[in-house]
Amino acid sequence: MNEWLYVALFIIVGTIIPIGAIAAGFVFGPKKSNPVKLSTYECGIEPVGDVWVQFKAQYYVFALVFLVFDVEAVFLFPWAVKLGQLGLFAVVEGIIFISILIVGLIYTWRKGMLEWV
Amino acid sequence: MSFWNDPLKVAADWLEGLLTGWGMNAAFAHVLVAFLGVLILLSLLMVFDIFLVWIERKVVARFQDRLGPNRVGPFGLIQPFADIIKLIIKEDTTPGGADKIVYNLAPILSMMSVLILWAVVPIAPVILGVDLNVGVLFLIAAGAISALSIIMAGWSSNNKFALIGGFRQVAMMVAFEIPMLTVLLIPTIFAGSMNMNAIIQTQDRLWYFVLSPLGALIFLIAAIAELGRAPFDLAEGESELVAGFNTEYSGMKFGMFYAGELLHAMTFGGIWGILFFGGYRFFGLELVSPFLAILIFVIKALLGYWIIMWIKYTMLRIRIDQMLMFNWMFLTPLSFVLLMVTALINALLRDASIWVYAISMFLSNIILALIALEIARNVSKKERARLEGIKKAAAT
């Protein structure tokens, strides 16, 4: 049997169990809702204004930097697995690859993009 | 092969034989038995999770010089069951303006992301979900789902506190995933495989903790950040954000977040044990019986969990700018340098004797840690001097 089928089974069962628990809470709990009870909490006052505001642009820069490093990991994992068979040349190449990324990180840093404003 | 050597396979074969004996399709019987096995494993985990609530409450009480639950049953052992009954009979509310689908999906995903981690965790040499050859990558993928569930909960609640908690979780997820990914490459380099079982099997002579203590430490820090526990519990931040992302959750939906967090912490303790402390291996004891191997693994996982709790209950919450600075300007460069040094030494000393290899690995880690700490100390000294200068200028 394909091993990813087992992973699919884990995902299915792992979804069923919390659904079951929440359904038990839904069945046994009281159901007496009213608009006041369902209004959201806001430190003892009626909710003011709109909640779903736009994300700050700062997050976008962080997300871009993250994406670069995340994609880099995809390249590095096969490199790490086969490192023993590839020898010194591949190690040096890997180090150069990581160094380029570190230069990128330092550039972002110097531009002040990693500061939380 | 007897039941005591390979209980899972014997039980599965027996059940499969029984089902096919009743005239069931062989392939269907196989899937059904696998389904039952997964169901039993995850149900046992949920039962274990209930006792984790008790362990957590007892340990936090001891850290704070209290007794903890001690009224219901012996040592308060029945207390978590009382908690569950309370959670079940609570009213299940969905706030008025909430995005209903996303709101209800979030606690399910939170629990699911933890449970699927156990698909690749080897509990004993023969007892494991799947022997995936990309096990380490699977860990990262499943971890991203748990961060996503917190973002979903924060965004869909229609509550400002929850939204801020969700925002912070985004910043944290994109930050600490990078040192974690980088450090996961180190056991991969040593083992030459991303398979969790292979990583355990190759630690037969030395734990990877000896070869890479700094890597183990960085992994622990990144794991705590991924769990969202103190000192990185900015998404919850009770004193500033009410309860953060789960402010609007009640009853069993809140219970799923709570239980999911505890099980996640225990799971990361176990994964830390697997990657750096040899998992179910302990001086050949695991070969005696798989049941002993399970015991060893659970003890190692609970020790890791205890260290995570220890850090949680003794450290203060840090600010978000401090957290991001700590990650981007300290942990990320450090983990990259560590990866380069490890790869280089691994290539140069691969053919040397195991002791030369291990000692140079260990020393390189220690020296790297000392240099990094010295740089950090100097930078923070300069920062303090700058702040004091501003204060003096303002006073005069």
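**Entry 1: a helix pair across the chains**

I began with the crossing of α1(A) and α4(B), which is right-handed. I kept in mind that this is a predicted model. α1 of chain A covers residues 3-28. I looked up how α1(A) and α4(B) pack and found an angle of about 135°. Their axes lie 8 Å apart. Angles over 145 degrees would count as roughly antiparallel, and 65 to 115 as roughly perpendicular. α1(A) and α4(B) are therefore oblique to each other.

Next I listed who makes this contact. From α1(A) I noted Phe10(A), Ile11(A), Gly14(A), Thr15(A), Ile17(A), Pro18(A), Ile19(A) and Ile22(A). From α4(B) I noted Pro107(B), Ile108(B), Met111(B), Met112(B) and Leu115(B). I sorted the residues of this contact by class: 11 are nonpolar, two are polar and none is charged.

**Entry 2: the whole contact between the chains**

Chain A gives 56 residues to it, and chain B gives 68. Which helices of chain B each supply at least two residues to the side that touches chain A? I found α2 (26-63), α3 (79-88), α4 (100-115), α6 (160-191), α11 (251-277) and α13 (320-348). The largest share of that side comes from α13(B), with 14 residues. I checked the classes on this side of chain B too: 43 residues are nonpolar, 15 are polar and 10 are charged.

**Entry 3: the largest nonpolar core**

I turned to the cores. How many residues does the largest nonpolar core have? I read off 133. Leu115(B), Val121(B), Met172(B), Phe219(B) and Ala222(B) have the most contacts inside this core. I had already met Leu115(B) in the contact of α4(B) with α1(A). α6(B) provides the largest share of the core, 22 residues.

I picked Ala222(B) and looked up its partners. I left aside its neighbours within four places in sequence. That gave me Phe176(B), Pro179(B), Met180(B) and Val183(B).

**Entry 4: a helix pair inside chain B**

Last, I looked at α9 of chain B, residues 213-227, beside α13(B). Their axes come within 11 Å and cross at roughly 145°.

On the α9(B) side I noted Leu214(B), Gly215(B), Ile218(B) and Ile221(B). On the α13(B) side I noted Leu331(B), Ser335(B) and Leu338(B).

Definitions and conventions. Residues numbered from 1 in each chain as written. Chains lettered and ligands numbered in written order. Predicted model: local features only at pLDDT ≥ 70, side-chain atom pairs only at ≥ 80, totals over all residues. Contact = placed C-beta atoms within 7 Å. Helix = DSSP H or I, 4+ residues; strand = E, 2+ residues; numbered from the N terminus. Nonpolar A, V, L, I, M, F, W, Y, C, P; charged D, E, K, R; others polar. Axes fitted to C-alpha atoms, helices over the stretch in contact; angles between N-to-C directions. Parallel < 35°, antiparallel > 145°, perpendicular 65-115°, else oblique. Left-handed = near helix turned anticlockwise from the far one by under 90°. Core = buried A, V, L, I, M, F, W, Y, C linked by C-beta atoms within 7 Å. Buried ≥ 20, exposed ≤ 12 C-beta atoms within 10 Å, placed from the backbone.
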